[in-house]
Amino acid sequence: MTSMQAAVVNKLGEKLSVEEVEIPKPGPGEVLVKLVATGVCHTDLHAAEGDWPVQPSPPFIPGHEGVGEIVAVGDGVTDLQVGDMVGNAWLASACGVCEYCRTGWETLCEQQQNGGYSVDGSFGQYMLVDARFAARIPEGADPADIAPILCAGVTVYKGLKMSEARPGQWVVISGIGGLGHIAVQYAKAMGLRVAAVDIADEKLELARKYGAEVLVNARNEDPVEAIQAKIGGSHAVLVTAVHPDAFGQAIGMVRRGGTIVFNGLPPGNFPAPIFDIVLKGLTIRGSIVGTRQDMAEAIDFYDRGLIHPNVTTRSLEEINDVLDELKQGRIDGRVVIGY
Ligand code: NAD
Ligand code: ZN
Ligand code: ZN
């Protein structure tokens with residue numbers, strides 16, 4: 001067999017085309033993975049629509065939450081073999097020698113490649129993965145269930161660490177989508193108290209199920225006033241929402257000295273009140289996925305039974321419907337494509 005089915009972006013802003021493409025061959029340091037499942041991240045939608053200042057170049061295959069079995073190994077791969085279960089990641093590779101890579105910030109490497117963006121990803125029956133950056137899937141893990149950990153999980157886990165919130169403190173999770181519903185679970189597992197903000201009651205219901213103590217529907221009430229009134233402001237806010245409004249609101253939700261971490265990446269800007277930021281001593285930071293070590297830790301939380309993604313399985317043929325539903329905010333939890 002030399003060809004496979006894949007969902008390809010041939011032109012930014014157009015529907016993906018499910019077509020036959022050649023199965024790639026693993027080069028030095030790479031493994032060829034036969035996919036079993038892949039999560040669909042909102043980033044895949046941003047990629048296909050060309051939403052961001054740095055755009056991907058079509059044709060390309062999106063997807064960076066893929067899980068499958070290694071079926072071929074390139075030269076020089078020493079610690080993975082045929083039959084091992086691995087995943088791909090947004091951080092498909094980094095240079096390993098720059099200042100960022102040397103100081104534990106490989107996620108900031110300027111030479112990095114990104115899964116499903118600058119290199120082909122997991123929306124196909126096979127994919128190539130750099131063996132050094134392949135996520136190691138623990139034995140016995142259900143591929144569809146663990147797939148969302150590979151981007152949503154590691155991203156929010158790292159984001160929560162960057163929030164510096166300590167056990168017993170409050171964190172607001174703003175946006176209870178693919179990332180956010182998993183963030184509620186990591187936050188609980190890390191001993192934090194959770195307030196959830198979204199614009200849809202079904203999403204808030206999911207947050208409640210996972211242990212959020214305070215729920216705010218930003219469509220019905222002012223989320224800044226609600227969070228200040230209900231918990232006196234939060235020690236930290238993690239924004240995973242896909243609307244710029246949520247970013248400005250986050251600044252109003254923290255207590256003095258609080259930290260706001262941005263994970264969400266909607267195109268656009270938001271107003272940032274200088275006076276409040278200075279006088280309240282706020283920290284605002286961006287956080288992008290996680291390092292390989294963050295990934296191993298995020299997977300370990302999952303492996304210990306602390307994280308249960310809400311997963312709905314669909315087929316690759318349905319990818320355009322899934323992306324449409326994601327755009328309209330109609331997906332609760334994560335959609336995973338099963339192969
Ligand atoms: P998603 O579509 O599953 O979830 C987005 C959620 O935001 C939905 O629940 C939606 O109802 C909610 N929302 C929309 N407007 C809102 C508002 N005004 N206030 C509060 N909530 C609102 O998307 P996802 O897969 O969870 O991804 C979320 C964002 O994170 C995307 O922009 C994605 O590109 C980005 N992302 C960033 C990283 C990173 O490393 N920083 C990693 C993965 C994804
Ligand atoms: Zn992602
Ligand atoms: Zn580097």
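**Close-up views of a predicted model**

**View 1. The protein donors of the zinc ion (ligand 2).** The ion is approached by Cys41 through SG, His64 through NE2 and Cys151 through SG, at distances of 2.0 to 2.3 Å, and the spacing of these donor residues along the sequence is C-x22-H-x86-C. Cysteine 41 sits in the loop between β3 (30-39) and α1 (42-49), while cysteine 151 sits in the loop between α3 (143-146) and α4, so the two together tie parts that are 110 residues apart in sequence. Both cysteine 41 and cysteine 151 are buried.

**View 2. The largest nonpolar core, with 42 residues.** The members that touch the most others are Ile146, Ile149, Leu160, Val171, Ile173, Val184 and Tyr186. Two or more residues come from each of several elements, including α4 (152-162), β10 (170-174), α5 (178-189) and α10 (292-303), and the core takes at least three residues from each of domain 1 (3-151 + 290-338) and domain 2 (153-286). A separate core of 31 residues lies apart from this one and includes Ala7, Val9, Trp90 and Ile331.

**View 3. The surroundings of isoleucine 149.** When neighbours within four places in sequence are set aside, isoleucine 149 is in contact with Val154, Tyr186, Met295, Ala298, Ile299, Tyr302, Ile307 and Pro309. Of these partners, Tyr186 is also listed with isoleucine 149 among the residues that touch the most other members of the 42-residue core.

Conventions: Residues numbered from 1 in each chain as written. Chains lettered and ligands numbered in written order. Predicted model: local features only at pLDDT ≥ 70, side-chain atom pairs only at ≥ 80, totals over all residues. Heavy atoms only, no water. Core = buried A, V, L, I, M, F, W, Y, C linked by side-chain atoms within 4.5 Å. Buried < 20%, exposed > 50% of the residue type's maximum accessible area, 1.4 Å probe, protein only. Helix = DSSP H or I, 4+ residues; strand = E, 2+ residues; numbered from the N terminus. Domains from an automatic or database assignment. Contact = heavy atoms within 4.5 Å. Donors = N, O, S within 2.8 Å, 3.2 Å for Na, K, Ca; no water.
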